[in-house]
Amino acid sequence: MSTLKAIETRLGVADVKRSATFYQDVLGFSIGTLWPQATPVFAIVHRDGLRLQLGLRDTPASGASRESSTLCLDVSSALELHASIAPRVEI
């Protein structure tokens, strides 16, 4: 019988490279895929065995047509994570 190994969320973003860099520099993810390299429309970032896909949003986010996603992060120490990113991003 086949086994599911993961379910990955793909977030629609306005700028794939900028978003991947944010996940890398602020949240400690590594960029595993950035395609195509020069002007990426898709990326996969990973951390602690988890992966998140970032895809170029087809249309600008505005009004009722805005895409939405909810990400729930289960972390070992929320206060430690908060302390590590607070100097680099407004929370």
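Because the model is predicted, local features need pLDDT of at least 70 and side-chain atom pairs count only at pLDDT 80 or more, while totals for chains, interfaces and linings use all residues. Residues are numbered from 1 along each chain as its sequence is written, and side-chain values use heavy atoms, with hydrogens and water left out.

**The aromatic cluster**

- Y23 also pairs with F29: their ring centres are 5.4 Å apart and their planes stand at 90°, so this pair is edge-to-face too.
- Together, F22, Y23 and F29 make up one aromatic cluster.
- Y23 is buried at 14% relative accessible area, and F29 is buried at 17%; buried means under 20% relative accessible area, exposed over 50% and partly exposed in between (1.4 Å probe, protein chains only).
- F22, with 35% relative accessibility, counts as partly exposed.

**The chain as a whole**

- The protein chain has 2 helices and 4 strands, arranged along the sequence as β-α-β-β-β-α; helices (H or I, at least four residues) and strands (E, at least two) are DSSP runs, numbered from the N terminus.
- Its C-alpha atoms fill a box of roughly 45 × 35 × 30 Å along the principal axes.
- Of the 91 residues in the protein chain, 22% are buried.
- The accessible surface is about 7,200 Å², with 54% belonging to carbon and sulfur atoms; such areas come from the Shrake-Rupley method with a 1.4 Å probe, and for residues only the protein chains shown count as cover.
- Taking contacts between residues at least 6 apart in sequence, 45% join residues at least 24 apart, where contact means heavy atoms within 4.5 Å.

**Helix α1**

- Helix α1 spans residues 16-25, and V16, S19, A20 and Y23 are buried in it.
- Viewed down the axis of α1, these buried residues fall within an arc of 100°, so they line one face of the helix; the arc is that of the directions from the helix axis to the C-beta atoms.
- As a reminder, an α-helix has 3.6 residues a turn, so residues three or four places apart point the same way.
- The cover over the buried residues of α1 includes β1 (10-13), β2, β3 and β4.
- At the start of α1, a side-chain oxygen of D15 comes within 3.3 Å of the backbone nitrogen of K17.

**The β2–β3 hairpin**

- Strands β2 (residues 30-35) and β3 (residues 42-47) pair in the antiparallel sense over 5 bridges; two strands pair if DSSP finds at least two bridges between them.
- A hairpin of 6 residues joins β2 to β3.
- L34 stands opposite A43 in β3.

**Q53 in strand β4**

- Q53 lies in strand β4 (residues 50-56) and, at 14% relative accessibility, counts as buried.
- The side chains of Q53 and R10 make a polar contact at 2.8 Å, meaning a pair of N or O atoms within 3.5 Å; within protein, one must be able to donate a hydrogen and the other to accept it, and residues adjacent in sequence count only if both atoms are side-chain atoms.
- Leaving aside neighbours within four places in sequence, Q53 is in contact with E8, T9, R10, L11, F42, A43 and I44.

Definitions and conventions: Rings of Phe, Tyr and Trp (its six-membered ring) pair if their centres lie within 6.5 Å; planes under 30 degrees apart count as stacked, over 60 as edge-to-face and the rest as tilted.
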